Amino acid sequence: MTSIMKKIIPLLLAFSASYASAHGNVKCTTQPKSEWRPHTELQEKLTKEGWVIRRMEMTSSCYEVYAKDPQGKRIEAFFDPVTFKRVEEN
């Protein structure tokens, strides 16, 4: 095994473990998607609060936001698509 592979494999394993745990038990809403507010509305709200949005995704029950928060910390956050309240993992 090359020295590059010895460095990359542990990083890939750590990333895959953190990715799996990051999506473990997040449940935002049981409301049908027809009740969800537009994601652009959430993006506008967060931008006004000082967030810098990199990417937003829709999960089965949440809006998932990849951004820098107002303190400049890079985060992945989940928001209820009906209320826009931030949801933490269970």
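Which pattern does the protein follow, read along the sequence? The order is α-α-β-β-β-β. That comes to two helices and four strands. Helices (H or I, at least four residues) and strands (E, at least two) are DSSP runs, numbered from the N terminus.

This is a predicted model, in which local features need pLDDT of at least 70, side-chain atom pairs count only at pLDDT 80 or more, and totals for chains, interfaces and linings use all residues. Residues are numbered from 1 along each chain as its sequence is written, and side-chain values use heavy atoms, with hydrogens and water left out.

## Overall figures

The protein has 90 residues, of which 29% count as buried. Buried means under 20% relative accessible area, exposed means over 50%, and partly exposed lies in between (1.4 Å probe, protein chains only). The protein exposes about 6,400 Å². Carbon and sulfur atoms supply 57% of that area. Accessible areas come from the Shrake-Rupley method with a 1.4 Å probe; for residues, only the protein chains shown count as cover.

Contact means heavy atoms within 4.5 Å. Take the contacts with a separation of 6 or more: residues 24 or more positions apart account for 45% of them.

## Strands and hairpins

Two strands pair if DSSP finds at least two bridges between them. Strand β2 covers residues 63-68 and strand β3 covers residues 74-79. Six bridges join the two, and they run antiparallel. Within this pairing, V65 stands opposite A77 in β3. β2 and β3 form a hairpin with five residues between them. In its turn, G72 has a positive phi of about 90°.

β3 also pairs with strand β4, residues 86-87. Here two bridges join the strands, again in an antiparallel run. F79 stands opposite R86 in β4. The hairpin of β3 and β4 has six residues between the strands. F84 takes a positive phi near 65° there.

In a regular strand the side chains alternate between the two faces of the sheet.

V52 has its place in strand β1. Leaving aside neighbours within four places in sequence, V52 is in contact with Y66, A67 and K68. V52 and K68 are 16 residues apart along the chain, yet their C-alpha atoms are separated by 5.1 Å.

How many disulfides does the protein have? The count comes to one. A disulfide is taken as a pair of cysteine sulfur atoms within 2.5 Å. The partners are C28 and C62, with their sulfur atoms 1.8 Å apart. The link of C28 and C62 is right-handed, with 100° about the S-S bond. C28 lies in the loop between α1 (3-22) and α2 (39-48), and C62 in the loop between β1 and β2, so the pair ties together parts that are 34 residues apart in sequence. Both C28 and C62 are buried. A disulfide is a covalent bond between the sulfur atoms of two cysteines.

S61 sits in the loop between β1 (52-58) and β2. Is S61 buried or exposed? S61 counts as buried because its relative accessibility is 7%. Beyond neighbours within four places in sequence, S61 is in contact with V26, K27, C28, T29, W36 and P81. One of these, C28, is also a partner in the disulfide.

## Salt bridges

A salt bridge is a side-chain nitrogen of Lys or Arg within 4 Å of a carboxyl oxygen of Asp or Glu. By this rule the count comes to five. Among them are the pairs tabulated here.

| Pair | N to O distance |
|---|---|
| R37 and E41 | 2.8 Å |
| K45 and E49 | 2.7 Å |
| R86 and E88 | 3.5 Å |

How exposed are these residues? R37 counts as partly exposed because its relative accessibility is 31%. K45 is partly exposed, at 32%. E49 is partly exposed as well, at 41%.
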